[in-house]
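I opened this notebook to keep track of what I looked up. The entries follow the order in which I went through the model.

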Amino acid sequence: MMDREGKDNRSTLIGTDITYAAELLRQGELVSIPTETVYGLAANALDEDAVRKIFAAKGRPLTNPLIIHVAEIDQVSDYAQQIPEAAYRLLEAFSPGPLTLLLPRRTIVPDVVTAHLPHVAIRIPNHPLTHSLLSALRLPLAAPSANPYGYISPTSAQHVYKMLEGKISYILDGGYCAGGIESTIVGFPEGIPTLYREGLITKEAIEAIIGAVKRKETNQPLAPGMSVSHYSPRTPLILSEDIDARLAEYQGKKIGLITYDDYSEKLSEKDQLLLCRDNDLSAAASRLYAAMHEMDERGYELILVRKLPQQSLGIALNDRLNRASHK
Ligand code: TXA
Ligand code: MG
């Protein structure tokens, strides 16, 4: 039974028991699953009541649709139809991996999953535990990121526990997510390959496989109900290229700085987290959300983040940080 806050009376367990996770999912319970991007909050996608529990646990509006996760490429056509050839080329190139395709849905996919939209978002995650779970289940799993709506996505089982303890039955612990930010979403409206969300696979990498891809304006909502403010810590966050100027501007405040390449000399190193050195944007991606979680726990008045280079993976990282900084 859920109480008014969506809290469950039972405690949340953390472990690596795939058989137990599969049993809970078959019974219509929620399980948090590791992926190569971020942890997901999963339910049997074909069970409407189970899927509704995801929205309740996250406090997510029912107008914001969910991605479904399957084990193998040949399962994609069980849930989607009129799949363009370019979609298959992307699947061959990047699946399993951080690629989500928006494709015309089949009616077997419940309305609650797609928020009544004509398309379904589908991906094949690349994580050994979740792959074994999906293979054992032979069911699609609907799973958004396992954070309360609007908050920072989790990249460890401990992040999920901190945010959803008491609201879900089980967290399948697959360690830290190697990728660290969400999948890249590609759709084909009127046959035109379109990037709906920047993610771990860069636009250039997609274009190397299928040619030119259109980019959706970043401040344009992806779907009804998708807010601009997202991925946000409770502590106000400011993204800036000029950290020295911001440190001067907010002098006297307790500031935590997330930066890269080198520490700022204007702030004690204990108040700084370094995402990467030598422009290693993959390393920065794998650490970004963990750094945001940690800074949010330290009790600063302000989190400053040095804007990453606006190229390659830096585009996706700055996109998340921009949304995190909207108040
Ligand atoms: O890496 C990921 O994609 C992670 C892991 C857990 O797989 N999942 C994830 O899910 O990021 P979520 O719900 O946090 O973000 C999915 C995005 C949302 O912005 C949603 O609006 C959009 O995908 N989306 C899902 N289904 C859609 C649909 N049918 N039409 C349009 N947008 C859709
Ligand atoms: Mg999310």
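**Helix pairs**

I began with two helices, and I note that α10 and α11 are roughly parallel to each other. The angle behind this is a crossing of roughly 15° between the axes of α10 (residues 281-297) and α11 (residues 313-325). Angles under 35 degrees count as roughly parallel, so the label follows. The two axes come within 9 Å, and I recorded the crossing of α10 and α11 as left-handed. I keep in mind that this is a predicted model.

I wrote down both an angle and a distance because two packed helices are described by the angle between their axes and the distance between the axes.

Next I looked up α7 (residues 157-164) against α10, where the axes come within 11 Å and cross at roughly 45°. That angle makes α7 oblique to α10. The crossing in which α7 passes α10 is left-handed.

The hand of the crossing of α1 and α6 is right-handed.

**Ligand 1**

I then turned to the ligand. Which residues come nearest to ligand 1? I found Thr 37, Asn 64, His 69, His 119 and Ser 183, out of 25 residues around the ligand.

I looked up polar atoms facing the oxygen atoms of ligand 1. For Thr 37, a polar side-chain atom lies 2.7 Å from an oxygen atom of the ligand. The side chain of Arg 60 has an N or O atom 2.9 Å from a ligand oxygen. The side chain of Arg 197 also places an N or O atom 2.9 Å from an oxygen atom of ligand 1. Taken alone, ligand 1 exposes 680 Å², and the protein buries 96% of that.

I sorted the shell around ligand 1 by class and have 14 nonpolar, 7 polar and 4 charged residues. I also checked which strands take part. Both β4 (67-69) and β6 (119-123) supply at least two residues each to the shell. The element that gives the most is β6, with 4 residues.

**Backbone entries**

Last, I went through the backbone. Most residues other than glycine have a negative phi, and most peptide bonds are trans. I logged one exception of each kind.

Where does Pro 96 sit? I placed Pro 96 in the loop between α4 (85-94) and β5 (99-104). The peptide bond leading from Ser 95 to Pro 96 is cis, and its omega is near 0°.

The other entry is Gln 82, which is not a glycine but has a positive phi of about 45°. I found Gln 82 in the loop between α3 (76-79) and α4.

How values were computed
Residues numbered from 1 in each chain as written. Chains lettered and ligands numbered in written order. Predicted model: local features only at pLDDT ≥ 70, side-chain atom pairs only at ≥ 80, totals over all residues. Heavy atoms only, no water. Near = heavy atom within 4 Å. Polar contact = N/O pair within 3.5 Å; in protein donor to acceptor, adjacent residues only side chain to side chain. Areas by Shrake-Rupley, 256 points an atom, 1.4 Å probe, with all protein chains shown as cover. Nonpolar A, V, L, I, M, F, W, Y, C, P; charged D, E, K, R; others polar. Axes fitted to C-alpha atoms, helices over the stretch in contact; angles between N-to-C directions. Parallel < 35°, antiparallel > 145°, perpendicular 65-115°, else oblique. Left-handed = near helix turned anticlockwise from the far one by under 90°.
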